[in-house]
Amino acid sequence: MTIRNAVSRIEELWPESISTKMAIRKQHGTNETYFPEILPDAVVFAKNTKEVSEILKICHEEECPIVAWGTGTSLEGNALAERGGISLDMMNMNKVLSINPEDMDAIVQPGVTREQLNHELKASGLFFPVDPGANASLGGMAATRASGTTAVRYGTMRENVIGLEIVMANGKIIRTGGRSRKSAAGYDLTKLIVGSEGTLAIMTELTLKLQGRPEAIAAAICAFPTVNQAVETVIQTIQMAIPIARMELVDTETIQACNEYFQETMPKAPHLFLEFHGSESSVMEQSGIVSEIANSFSGSDFKWSSKAEERNKLWKARHHAFYAVKAKYAGYKAIATDACVPISKLATLIDKTAKDISQSGIPGPIWGHVGDGNFHATLLVRENNEEDQNIAKGIIHRMCERCLELEGTITGEHGIGMGKLRYMQDEHGYGWEIMSQIKRTLDPNYILNPGKVIKSN
């Protein structure tokens, strides 16, 4: 029983679907973080659920590792074939199977991207709200329990996936959940699979909750003297139960990069980027209240608009902050990490992390989805510079320790992958052993994305 046997058997059955070419393997061996290139032995392009089932049966029998692959935008090495084997590319399974406007749901294949789905939903007056920034595949978003800028109002993938079709490690096909909005029938297998990073099963269909397009959308930005004052504005807004749709923090370093990149003149200070959804009157009311809150924390230069073109201009810096920072630090590699704590502890965490970065000697702009206690530090390291990488790893380590001290989590949305594995024991204690027991039950041969989320076999 070997990887070679599995590759040979798959090649014999689906010669047109498998590739061992170096260029294709390299495409599926790269990542967006500091991990070295890790190539799979072969890449298989899945076409349908039955084929996925047969491939998994072969991998199960041959004890061959298999890792599902979407758009490849994960940030913790989540989809790297750490132990070789098969990279199962799901992007050809990219059909929107049904849209049900009356029930406000859609059924899609895992290779459908969020932008593709929202394009197809335009005529229905509905939209899918989860927005992690990148045009990621919905299968990958569910696998990592992604969220993003709108989670403060609409929730994460965990709340927006209501049913799945999955293929188990032994090739069996099952359905979890369904199209009903609630169920009390047994264990919630849907929620177990969402966020499992492909370690328990491979998703071949997703049933997603949709939202009605709001009557009105308004956007605003506001500058603050300090990050703490911006975060205090966030905390008070959330505590007052204002149903804000997006609430994003961008620090001074990022604003400076955006000014250079877009030739803008935004004040060189931390900013909040805000978005309000609702009726014409409600978005005006919400923005007015938040403006008053911001003013009480010395917020200034508050700009607001409900016109689409002006909204897009206001949000341009936040949407393209990563590219602005990359342009400023050409020749550097960006290592993005995230953290999430209770909203009342957010100011403390950001303040300590910012001080740690400023003393480290490497750049580390901070921005994030502060409305739900989640933020990102983007650490810039010189290419192939081991000292910079070690400094960045140290910052991430201390950031994770602070999160746990503040009753938070080591990752709010990027997932565990290979990057955060060492902290799982600290966060979950014996619960991590329970996760390992579930893994052993559902995947006894440890073929599904081994080396991720749980202890190695």
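Author: A salt bridge is a side-chain nitrogen of Lys or Arg within 4 Å of a carboxyl oxygen of Asp or Glu. The structure above is a predicted model, and by this rule the count comes to 29 salt bridges.

Reader: Why is the pair of lysine 26 and glutamate 37 called a salt bridge?

Author: The closest N and O atoms of lysine 26 and glutamate 37 are 3.0 Å apart. The cut-off is 4 Å, so the pair counts as a salt bridge.

Reader: What makes this pair a tie between parts of the chain?

Author: Lysine 26 lies in helix α2 (residues 22–27), while glutamate 37 is in the loop between α2 and β2 (42–45), so the bridge ties together parts eleven residues apart in sequence.

Reader: What makes lysine 420 and glutamate 76 a salt bridge?

Author: Their N to O distance is 3.8 Å, and this pair counts because the limit is 4 Å. Lysine 420 sits in the loop between α15 (386–405) and α16 (424–428), and glutamate 76 in the loop between β3 (66–69) and β4 (86–89). The two are 344 residues apart, and the pair links distant parts of the chain.

Reader: Why are lysine 420 and glutamate 76 called buried?

Author: Lysine 420 has 0% relative accessibility and glutamate 76 has 4%. Buried means under 20%, so both residues count as buried.

Reader: What makes Arg114, Glu115, Asp131, Arg246 and Glu275 one network?

Author: Salt bridges that share partners join these five residues: Arg114, Glu115, Asp131, Arg246 and Glu275.

Reader: Why is arginine 311 said to have no salt bridge?

Author: The nearest side chain of opposite charge, glutamate 275, is 4.8 Å away.

Reader: What does the side chain of arginine 311 have as a polar contact?

Author: The backbone oxygen of serine 306 lies 3.3 Å from a polar atom of the side chain of arginine 311. The limit for a polar contact is 3.5 Å, so this distance is within the limit. Arginine 311 also touches Ile217, Ala218, Ala219, Ser305 and Ser306, not counting residues up to four places away in sequence.

Reader: What makes β1 and β3 edge strands?

Author: Four strands form an open sheet in the order β1-β2-β4-β3, with mixed pairing. β1 (18–19) and β3 are the edge strands, as each pairs on one side only. β3 and β4 pair in the parallel sense over four bridges.

Reader: How do you know that the radius of gyration agrees with a compact globule?

Author: With 457 residues, a compact globule would have a radius of gyration near 23 Å, and the protein has 22 Å, which agrees.

Conventions
Residues are numbered from 1 along each chain as its sequence is written. This is a predicted model: local features need pLDDT of at least 70, side-chain atom pairs count only at pLDDT 80 or more; totals for chains, interfaces and linings use all residues. Side-chain values use heavy atoms; hydrogens and water are left out. Buried means under 20% relative accessible area, exposed over 50%, partly exposed in between (1.4 Å probe, protein chains only). Two strands pair if DSSP finds at least two bridges between them. Lys and Arg count as positive and Asp and Glu as negative; His and the chain ends are not counted. A polar contact is a pair of N or O atoms within 3.5 Å; within protein, one must be able to donate a hydrogen and the other to accept it, and residues adjacent in sequence count only if both atoms are side-chain atoms. Contact means heavy atoms within 4.5 Å. The radius of gyration is taken over C-alpha atoms; the globule rule is 2.2 Å times the number of residues to the power 0.38.
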